[in-house]
Amino acid sequence: MKRLKLRDTTVGRSFLRSPDRATERDRAAGHWSNFLLHIYPVKVRRRELHFSFSWYLGVASAVLLASLVASGIYLMFFYLPSPSSAYGDMQTIQTQVAFGQFIRNVHRWSAHLMVLTVAAHMARVFYRGAYKAPREANWTIGVILLVLTLLLSFTGYLLPWDQLAFWAVTVGSSMADFVPFIGGSVREVLLGGDQVGSQTLLRFYVLHVVVLPVVLVGALAVHLWRWRKDSMFDQAAAEEGGEA
Amino acid sequence: MSDQDPRIADGKRVLGVVPGIPATGAQKDPSDQDLVMTSPHLLVRHAVAALAVLLVVLVLSILFDAPLREVANPFETPNPEKAPWYFAALQELLALFHPVVAGVLVPTAIIGGLLALPYIDRNPAIATKARKVAVAAFTIFMVTWIVLTLIGFAFRGPNWSWVWPWEEWHGEL
């Protein structure tokens, strides 16, 4: 008896638009017509499959980003960025919200791990020489993504509004003071005053939940698009005799 | 069916069996440069990597609670006053050098240097042997940065004095 397949039905065909995957050509066509798969190249070099090639640090960073977005949205439901309520909201999240403490832990640990994996990804790409032509621009976008990751982590650090958050951000932002001429004003714009206060909390919150994530996801889209475009370029062959 | 008539395989008639090995060789030897389909070969690996990462997050989140100290108090400065761990190297530099050097020149040089790296290093070689200067420079930078981060994170106590982390713990995550 023939198995009933979703893509053989009228509805399935209209959504998936992919042929039955009998040949490699069909599978490539199915890949092209899949929205989620379009960020991937249809084919990759076999060597890219090995753990030692990338240590899967790029995909690990992307997974952590997804984990941060999911847990962050949950936390947003229970948090108001105001000095009078922020700390109380944190206590409520930890004691009364369903899975609140766990989701907060997930957000915190994912954030720390993402800083590590993004930095390690950069180091791995360096040692593999994968920043060389034609991939120079993508390395530069990657460095921007690293800076955005650090800024996201730093702006999020203030939100619990406890002693740890307050003084870590006070120390971190005081470094801006040493920048000649513009340092003082940069710091004032960032903090919304001459010290960390209610304006700072609101500004860091807006940066943390809207501005920086949107910029990061946009830059990440370009990063992955460039990766796909350059994926067919064979550095080892181009160099003739060089080893990856 | 095929088990009744050996000349019919998979519903099709076998016209002949040719002796010998194919002109292209008996077996294909897969090379690392060969192309393979992303789906499923790369996708299953990415799925496993994703599950492994989520497992690490899950275990850490179950074992260790995120810290929450007393409510922020602008009039009570903790000692030591520590930046987040990823800025610990900068904070350590700040204790060692003039603020303009540690707080402005070094971070600007690092970010600028990293951004411009592919345009500075125009050597097309990717084998480590053929790019000793670049690899050595990057490794020295990485090791220095990791050591400074560890010192700032775990080896500094009240008034930024030296402490042994197994005697006094002042690291904050």
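How many Å separate the centres of domain 1 of chain B and domain 2 of chain B, taken over C-alpha atoms? The separation is 29 Å, and since the model is predicted, this value, like the others on the tour, is computed from the model's coordinates.

**Chain B as a whole**

Select chain B and colour its two assigned domains, with domain 1 covering residues 37–68 and domain 2 covering residues 85–160. If you colour chain B by burial, buried residues make up 17% of its 173 residues. Among the contacts in chain B with a separation of 6 or more, 46% are between residues 24 or more positions apart.

**The contact between the chains**

Next, show both chains and select the residues that meet across the contact, which takes 61 residues from chain B and 72 residues from chain A. On the side of chain B that touches chain A, the elements giving two or more residues are β3 (35–37), α1 (38–63), α2 (88–96), α3 (99–120) and α4 (132–154). Of these, α1(B) provides the largest share, with 13 residues. Coloured by residue class, this side of chain B divides into 41 nonpolar, 10 polar and 10 charged residues.

Now zoom in on β3(B), which pairs with strand β1 (residues 43–45) of chain A in the antiparallel sense, over three bridges. To find one of the paired positions, select A:K43, whose bridge partner in β3(B) is B:M37.

**The largest nonpolar core**

Move on to the largest nonpolar core, which has 64 residues, and select A:A60, A:L64, A:M114, A:W161 and A:A165, the members that touch the most other members. Helix α6 of chain A (residues 100–128) gives the most to this core, with 10 residues. The core also draws at least three residues from each of domain 1 (37–68) and domain 2 (85–160) of chain B. Centre the view on A:M114 and, leaving aside residues up to four places away in sequence, you will find that it touches A:S61, A:L64, A:L65, A:L68 and A:T149.

**Backbone details**

Finally, compare two residues with positive phi. A:Y56, which is not a glycine, has a phi of about 55° and is found in the loop between α3 (51–54) and α4 (57–76) of chain A. A:Y56 counts as buried because it has 20 C-beta neighbours inside 10 Å. B:N159, likewise a residue other than glycine, has a positive phi near 55° and lies in the segment after α4 of chain B. With 9 C-beta neighbours inside 10 Å, B:N159 therefore counts as exposed.

How values were computed
Residues numbered from 1 in each chain as written. Chains lettered and ligands numbered in written order. Predicted model: local features only at pLDDT ≥ 70, side-chain atom pairs only at ≥ 80, totals over all residues. Contact = placed C-beta atoms within 7 Å. Helix = DSSP H or I, 4+ residues; strand = E, 2+ residues; numbered from the N terminus. Nonpolar A, V, L, I, M, F, W, Y, C, P; charged D, E, K, R; others polar. Pairing = 2+ DSSP bridges. Domains from an automatic or database assignment. Buried ≥ 20, exposed ≤ 12 C-beta atoms within 10 Å, placed from the backbone. Core = buried A, V, L, I, M, F, W, Y, C linked by C-beta atoms within 7 Å.
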